[in-house]
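Student: Could you take me through one part of this model in detail? I would like a close look at the place where its parts meet.

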Amino acid sequence: MSTHDLVIVGGGPAGLTAGLYAARARLDTVLLERLSPGGQVLTTDVVENWPGDIDGVNGFDLADRMRDHALKFGLEIRGTEITKLTADGKIKVLHGPDGEIRTKAVVLAVGAQPKKLGVPGEDLLTGRGVSYCGTCDGPFYREQTVVCFGGGDTAAEECVFLTRFAEKVYMVHRRDELRAAGILAERVMNNPKIELLLSQVPLEIKGESKVEAVRLKNLKTGEEYDLPCDGAFVFVGTSPNTEFLRGVVDMDREGFLICDRDQHTSMNGVFAAGDCCSKLLRQIVVAAGEGAVATYAAQRYLEEVHE
Ligand code: NAP
């Protein structure tokens, strides 16, 4: 069985940039993606902080362009899932339902996925009014009322996006001030269709066969009440897709991978990039930067350890 120089696991902005750099460096590389390349960017309507795209760029288009850019330089992209990482001496072995892949170095760019609220009714009504993606499901709520949970950048962006369809958007946040960045918070405040419900938490999502209401608690007054709605959108952060790496590489309490400044994880020859890493800021531009660093560091590792 042949041994690659580098295998990149994950095809979001971090993985695709790592792939672009690896292809240009003429490393024998394959990028493995379990879904279609693009990652969470695919669920973003407009990315407006990708430098150079002054008028913003559709998330789908940006992902397509990143993929095509890497393909242009000869990157091989394969659709498969990895469920285990082991070492055989200096060689890393990636295991999945399609068999084993051997490689000298790895870039883990496995990304993150939306966190759940963890309240009764959420799982039961997912796909029946509970959603984690405004861009995907917003058009179903034309002239209707939706409730969104979360006070970060995602929640702010998605609430504003949902006002294109919904008649009314309630934004429920557990603290008395938003976490979202200035310009995003301003857009929320200035949007007449959005009503902020601060210092409130969800207790339950209610409905028989579809969402009918959310039960909320006001943390200041202790009052509990039902807020009728047609949809409940959850934007309360992300958790990393790193469960299969537990006990293999070091991670923080939430499962984000701990890397040094060269994106090297605790396992020799295994690098990581993008939203799966423990860090301050999760942005497309950061993920892309880390992807480039990870491949460059992997290249140096290959020269030092494997030549
Ligand atoms: P986030 O920044 O972690 O915000 C999560 C929000 O959900 C916070 O307001 C948090 O409240 C709240 N929350 C967490 N758990 C909760 C629970 N169990 N019940 C109720 N509320 C809960 O996550 P995010 O907004 O998804 O953003 C993730 C990363 O992507 C961030 O680094 C963000 O800057 C970035 N991002 C950037 C852009 C952009 O630049 N345009 C767009 C989207 C995302 P607290 O505030 O009280 O903690």
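Tutor: Happy to! Across the interface of domain 1 and domain 2, four residue pairs are in polar contact. By class, the side of domain 1 that touches domain 2 holds three polar and two charged residues, and no nonpolar ones. Keep in mind that this is a predicted model.

The two domains themselves are domain 1 (3-113 + 238-305) and domain 2 (116-234), and their centres, taken over C-alpha atoms, are 32 Å apart. Five residues of domain 1 make contact with eight of domain 2. Between them the domains bury about 470 Å², with 40% of it on carbon and sulfur atoms. On the domain 1 side, Thr43, Asp45 and Glu48 lose the most area to domain 2, together 82% of what that side buries. Two salt bridges are found across this interface. Asp45 also forms a salt bridge with Arg164, where the closest N and O atoms are 2.6 Å apart.

Now for the ligand. Both domain 1 and domain 2 give residues to the shell around the ligand, so it lies between them. Of the 17 residues around the ligand, Asp153, Thr154, Glu157, Arg175 and Arg179 come nearest. By class, the shell has three nonpolar, eight polar and six charged residues. The protein covers 77% of the 920 Å² of accessible area that the ligand has on its own.

Methods: Residues numbered from 1 in each chain as written. Predicted model: local features only at pLDDT ≥ 70, side-chain atom pairs only at ≥ 80, totals over all residues. Heavy atoms only, no water. Domains from an automatic or database assignment. Contact = heavy atoms within 4.5 Å. Buried area = accessible area lost by both parts, 1.4 Å probe. Salt bridge = Lys/Arg side-chain N within 4 Å of Asp/Glu carboxyl O. Polar contact = N/O pair within 3.5 Å; in protein donor to acceptor, adjacent residues only side chain to side chain. Nonpolar A, V, L, I, M, F, W, Y, C, P; charged D, E, K, R; others polar. Near = heavy atom within 4 Å. Areas by Shrake-Rupley, 256 points an atom, 1.4 Å probe, with all protein chains shown as cover.
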